Amino acid sequence: MKRMTRIQSAFALLTLALAASLAQAGDGHDHGDAAPSANANGPQRLPDGSVFLPKPAQRQMAVRTSVSQDGQLPRALELSGRVQMDPNAGGKVQALVAGRLEPGPRGLPSVGQTVRKGDVLAYVVPSAGAIERSNQAAQLAELKASRDLAAKRLARLKELADTVPRKEIEAAESEVASLGARMAAIGGGLSGRDALLAPVSGVIASANAVSGQVVDARELVFEVVDPSRLRVEALAFDAAVAADVDTAFLMAGGKKVPLTFIGASRSLREQALPLMFRAEGAALSALAVGQPVQVVVQTRSRVQGVPVPADALVKNPSNQSIVWVKAAPERFEPRVVTVQPLDGATLTATTGLKAGDRVVTQGATLVNQVR
């Protein structure tokens with residue numbers, strides 16, 4: 001009898017354990033323990049590293065592709081450069097004499113203000129010592145007395161014009177005129193001021209002027225540049241580049257600005273050869289004098305490769321440069337590539353691509369983020 005009681009108790013415990021293991025919470029009362037259901041129709045990274053991207057997702061991510069074309073492309077180099085003022089389209093305004101600054105007819109110009117050639121930017125009132133000014137004043141008084149005497153003598157000679165030779169009257173007139181001109185020159189030195197004029201038409205690039213400021217001779221007060229005409233100096237560490245330059249570009253405000261090669265220096269600076277380029281266009285307004293830039297120089301030598309936009313290049317988890325290639329209507333494969341610069345917006349893929357591949361040119365970063 002006791003044995004049957006123990007069997008029944010064990011059976012009851014087993015039944016309760018099974019019931020507890022099979023118990024489930026009602027809808028809305030689970031604790032998130034269930035695994036999420038996989039959406040086979042959504043963007044996902046496949047085991048081989050490719051990406052499955054349905055057509056609706058491609059349209060939502062604005063993915064665009066283009067067919068690559070293989071060919072002989074110019075070999076390009078990226079050089080560090082710096083924007084400089086064009087000496088034919090810009091200038092510096094310096095004080096010729098030491099003195100005190102005074103505003104011009106329209107006040108002191110500010111940075112970014114447009115000026116025209118010949119505009120008065122400011123005045124410099126020359127500064128002179130007390131002894132120098134007193135000497136000039138004494139000389140002016142002496143000249144004034146001499147002119148008064150010469151004028152009286154001229155008046156007497158004119159009264160005796162019938163008996164006095166004409167040459168004496170002319171000599172007296174010349175003496176009066178000479179003394180008057182000398183007085184005007186010395187008087188202008190005492191009370192005159194030097195006008196600072198705009199050397200070219202353009203905008204004020206730098207202004208170091210305050211009303212009442214005392215400046216020294218040859219001190220830089222203003223810089224005027226034409227923002228549509230600048231020069232770019234690039235440094236090449238290979239002297240052979242200077243003889244192989246074909247075209248050059250730089251990026252300014254998201255736009256590719258062509259550069260015209262002027263020439264190369266004949267002396268090294270910091271173990272590099274300076275190359276000078278000329279740039280023109282409205283896109284240069286995004287650059288400032290002294291700003292560092294990257295100059296892409298295309299040489300006459302050629303290299304076999306496929307041109308791809310710079311936006312198509314992304315990094316994989318191994319920090320390798322890759323592009324995404326559309327292998328099927330909804331499948332994209334990563335390709336490890338080796339690239340060289342081509343121009344400011346395009347790269348040359350020398351390995352990893354072949355002609356006919358559909359390379360993702362827009363939305364490559366979004367495709368690269370699919371996991």
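Begin by selecting Arg106, which is exposed, with a relative accessible area of 60%, and keep in mind throughout that the model on screen is predicted. Arg106 sits in the loop between β6 (99-103) and β7, while Asp119 lies in the loop between β7 (114-115) and β8, so the pair ties together parts that are 13 residues apart in sequence.

Next, select Arg331 and Asp48, another salt bridge, with the closest N and O atoms 3.0 Å apart. This pair links distant parts of the chain, as Arg331 belongs to strand β20 (residues 331-336) and Asp48 to the loop between β1 (44-45) and β2 (51-52), 283 residues apart. Asp48 is exposed, at 54% relative accessible area, whereas Arg331, at 25%, is partly exposed.

For a contrasting setting, turn to Arg231 and Asp86, whose side chains meet in a salt bridge at 3.4 Å, N to O; here both Arg231 and Asp86 are buried.

Now colour strands β9, β8, β6 and β11, which form an open sheet in that order with antiparallel pairing. The edge strands, β9 (194-197) and β11 (214-215), each pair on one side only. Strand β8 (residues 120-126) pairs with β9 over 4 bridges, and within this pairing Asp194 of β9 is the bridge partner of Val124.

Finish at Ala283, in the loop between β16 (273-280) and β17 (292-309). Beyond its neighbours within four places in sequence, Ala283 is in contact with Ala252, Lys255 and Val257, and Ala283 counts as partly exposed at 24% relative accessibility.

Conventions
Residues numbered from 1 in each chain as written. Predicted model: local features only at pLDDT ≥ 70, side-chain atom pairs only at ≥ 80, totals over all residues. Heavy atoms only, no water. Pairing = 2+ DSSP bridges. Helix = DSSP H or I, 4+ residues; strand = E, 2+ residues; numbered from the N terminus. Buried < 20%, exposed > 50% of the residue type's maximum accessible area, 1.4 Å probe, protein only. Contact = heavy atoms within 4.5 Å. Salt bridge = Lys/Arg side-chain N within 4 Å of Asp/Glu carboxyl O.
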